[in-house]
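Visitor: I have a model on screen and would like to learn how to read it. Please take me through it feature by feature.

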Amino acid sequence: MDVATMEPRTTSLVGASTSVRARKLADQIATVVLWIMASSIILLLALFIVYMFYLGARYLTPSFIFGMPAETSAGGGVGPEIYNSFYILILTLIFTVPISTAAGVYLQEYAPPGRFRELVVFSAESLATIPSIVMGLFGLLVFVYLFKWQFSAIGGALTLTLLNLPALMRVTQEALKSVPDTYREASMGMGATRWQTVLNVVLPSAIGRMTTGIVLIAGRIFGETAALIFTAGLSVSENDPYDLNPFHTAETLAVHLWYTHTESIVPDVDRIGNGSALVLLIMVFVFNIAARVGGRALSKRLTGRPT
Amino acid sequence: MIETAAQVATDEKIVATDVNIYYGAFHAIKGANLKMMENSVTALIGPSGCGKSTFLRSLNRMHDLTPGARVTGNILLDGTDIYGADSDPVVIRHRVGMVFQRPNPFPKTIFENVVYGPKIHGESNPARLREICERSLRQAALWEEVKDRLDRSALDLSGGQQQRLCIARVLAVNPEVILMDEPASALDPIATSKIEDLIGDLKSDYTVVIVTHSMQQAARISDRTAFFHLGEIVEVGTTNQIFTKPREKRTEDYITGRFG
């Protein structure tokens with residue numbers, strides 16, 4: 001600022017000059033604009049949830065939530081679909097979490113910084129953007145045709161694993177990166193090996209952020225359709241609707257929602273659609289809360305206080 | 001008895017000969033020679049960036065963890081080169097512990113912090129661990145303050161308590177040498193004086209090497225002092241001699257406050 005245009009010194013504490021007023025006005029405008037932006041998102045979300053409850057709540061009867069799906073007639077339920085959603089989610093997490101954690105640990109804690117690390121990070125980020133329908137077709141070729149598994153829960157879970165591995169690996173890596181180096185120094189300065197340090201200090205400190213990553217991935221898995229249509233199938237298992245065998249077909253709730261709206265010939269499409277959407281929403285909430293409570297409990301046990 | 005004690009105090013615990021340390025192309029320590037005596041406190045002083053912390057970290061191979069850092073020369077611990085082909089940094093760091101500039105307790109309970117070292121070195125007996133915990137906390141003059149809340153997070157302690165906890169954590173693995181990198185620089189005067197008292201107590205059982213930017217601190221607690229400047233050890237001597245009759249002009253300029 002030019003010295004000549006600067007305000008003269010004053011002994012007054014009242015912000016009466018035009019420059020002070022202009023800056024305060026800009027600050028007030030910014031506060032209002034930011035508030036409106038934030039509230040509109042919250043409002044939109046609230047409206048959306050209220051609307052879903054309005055449409056779906058009346059269908060949430062025990063016969064819908066626990067009942068069997070119907071192929072042609074009205075009154076079908078979604079019990080096995082809810083079961084399959086959780087079954088495939090858990091199966092997917094069993095594959096995804098250990099592999100992505102191990103890969104993230106290797107990248108952040110063992111691999112020397114440089115070309116190789118950058119290349120892997122770049123590849124992971126590129127892979128994470130592959131559309132799920134492409135991954136679904138890949139799963140169809142590999143698990144359904146090549147391995148001859150036909151439509152199966154495990155084929156679906158492995159496809160979802162491929163879809164989510166890169167993202168979860170990056171989340172793990174970032175979670176580990178946020179652990180201060182002073183912890184590593186303290187541990188290794190006492191004669192701990194790198195592995196002991198990772199296991200006893202670094203991973204426990206990163207649990208909170210890793211839980212968040214898993215929750216986000218879980219939401220995606222619950223809602224995933226394209227990757228499952230060609231791999232886990234469009235019907236529930238014929239042997240047992242609550243089938244534990246991972247090599248049988250397993251239609252999830254999200255896939256069922258898509259299927260009834262596009263392919264099915266049942267007369268009560270709206271009932272199933274609105275009910276399923278609400279159930280899906282509640283499932284994501286429940287899982288989210290459960291994972292956070294679990295993550296906090298684990299974190300408290302490992303670190304002496306919640307994250 | 002008196003004779004043996006005097007004898008012990010003149011034994012060389014660590015002998016560094018012609019040590020050079022590089023960070024990539026930067027030559028941080030240039031041909032340093034220093035003997036650190038058993039059961040005594042050696043202070044490393046000098047202006048910021050003179051290499052005193054860099055030198056300290058070479059004494060238990062912490063530079064192994066810094067990509068691009070390289071150490072040449074000999075550092076003998078009881079006569080064995082810690083950079084020798086057979087020397088294992090894990091064993092060396094068990095024998096030569098380190099306390100850092102900023103208190104860095106783990107985000108664990110107070111108890112888990114203290115017994116971390118013994119656990120990783122294979123001690124799993126709960127009674128033994130409790131015993132080690134109490135002994136180490138007593139040695140670090142922290143027991144009375146925390147004995148009722150060992151299961152609370154160490155991060156809830158004050159900065160001074162955290163630093164004493166970090167010292168207890170190092171003592172718990174029963175090292176022979178304790179390296180301290182400006183252990184009181186982040187603490188208030190009262191906490192600092194507690195740490196200084198503690199260092200005085202520790203030297204009967206341990207060999208202490210301490211980096212400090214405070215000349216008063218060096219004068220108060222150390223037996224021998226090495227003055228570092230621009231990556232070289234300018235002068236080494238008894239603390240008394242360094243502070244009263246420095247031989248080198250640069251040492252005198254530094255301790256009289258003409259630079260640094």
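Visitor: How many bridges pair strand β1 of chain B with strand β4 of chain B, and in which sense?
Guide: Two strands pair if DSSP finds at least two bridges between them. Here β1(B) (residues 12-23) and β4(B) (residues 69-77) pair over eight bridges, in the antiparallel sense. B:Ile14 has B:Leu77 as its bridge partner in β4(B). Helices (H or I, at least four residues) and strands (E, at least two) are DSSP runs, numbered from the N terminus.

Visitor: What should I know about the numbering and the model itself?
Guide: This is a predicted model: local features need pLDDT of at least 70, side-chain atom pairs count only at pLDDT 80 or more, and totals for chains, interfaces and linings use all residues. Residues are numbered from 1 along each chain as its sequence is written, while chains are lettered from A and ligands numbered from 1 in the order in which they are written.

Visitor: What stands opposite B:Ile14 in β2(B)?
Guide: In a regular strand the side chains alternate between the two faces of the sheet. Across the pairing, B:Ile14 stands opposite B:Met36 in β2(B). β1(B) and β2(B) run antiparallel and are joined by eight bridges. They form a hairpin with two residues between them. B:Gly24, in the turn, has a positive phi of about 60°.

Visitor: In which order do the four strands of that open sheet lie?
Guide: The order is β2-β1-β4-β5 in chain B, with antiparallel pairing. β2 (26-37) and β5 (80-81) of chain B are at the edges. Each has a single partner strand, so one side of each lacks a neighbour in the sheet.

Visitor: Which pairing does the six-strand open sheet of chain B have?
Guide: The pairing is mixed, and the strand order is β6-β7-β8-β3-β9-β10. β6 (96-99) and β10 (232-238) of chain B are the edge strands, each pairing on one side only. From one strand to the next, the twist averages 15°. Within this chain, β3(B) (residues 41-45) and β8(B) (residues 207-211) pair in the parallel sense over four bridges. B:Thr42 has B:Val209 as its bridge partner in β8(B).

Visitor: How do I read a pair of packed helices?
Guide: Two packed helices are described by the angle between their axes and the distance between the axes. Axes are lines fitted to C-alpha atoms, for helices over the stretch in contact, and angles run from 0 to 180 degrees between N-to-C directions. Take α4(B) (residues 110-120) and α7(B) (residues 159-171): their axes come within 6 Å and cross at roughly 35°. From α4(B), the contact uses B:Ile110, B:Asn113, B:Val114, B:Tyr116 and B:Gly117. From α7(B), it uses B:Leu165, B:Ala168 and B:Arg169. Two residues are in contact if their C-beta atoms, placed from the backbone, lie within 7 Å.

Visitor: How are the residues of that contact of α4(B) with α7(B) divided by class?
Guide: Ala, Val, Leu, Ile, Met, Phe, Trp, Tyr, Cys and Pro count as nonpolar, Asp, Glu, Lys and Arg as charged, and the others, Gly among them, as polar. This contact has five nonpolar, two polar and one charged residues.

Visitor: At what angle do α4(B) and α5(B) pack?
Guide: The angle is about 110°, and the axes of α4(B) and α5(B) (residues 126-139) are 9 Å apart. The two helices are therefore roughly perpendicular. Angles under 35 degrees count as roughly parallel, over 145 as roughly antiparallel, 65 to 115 as roughly perpendicular and the rest as oblique. The contact residues of α4(B) are B:Phe111, B:Val114, B:Val115 and B:Pro118. Those of α5(B) are B:Leu129, B:Ile132, B:Cys133, B:Ser136 and B:Leu137. By class there are eight nonpolar, one polar and no charged residues.

Visitor: Which strands does α7(B) lie across?
Guide: α7(B) lies across β6 and β7 (177-181) of chain B, and runs at about 170° to β6(B).

Visitor: How many residues of chain A are in contact with chain B?
Guide: 19 residues of chain A are in contact with 24 residues of chain B. α7 (181-189) and α8 (194-223) of chain A each supply at least two residues of the side of chain A that touches chain B. α7(A) gives the most, with six residues. That side of chain A has eight nonpolar, nine polar and two charged residues.
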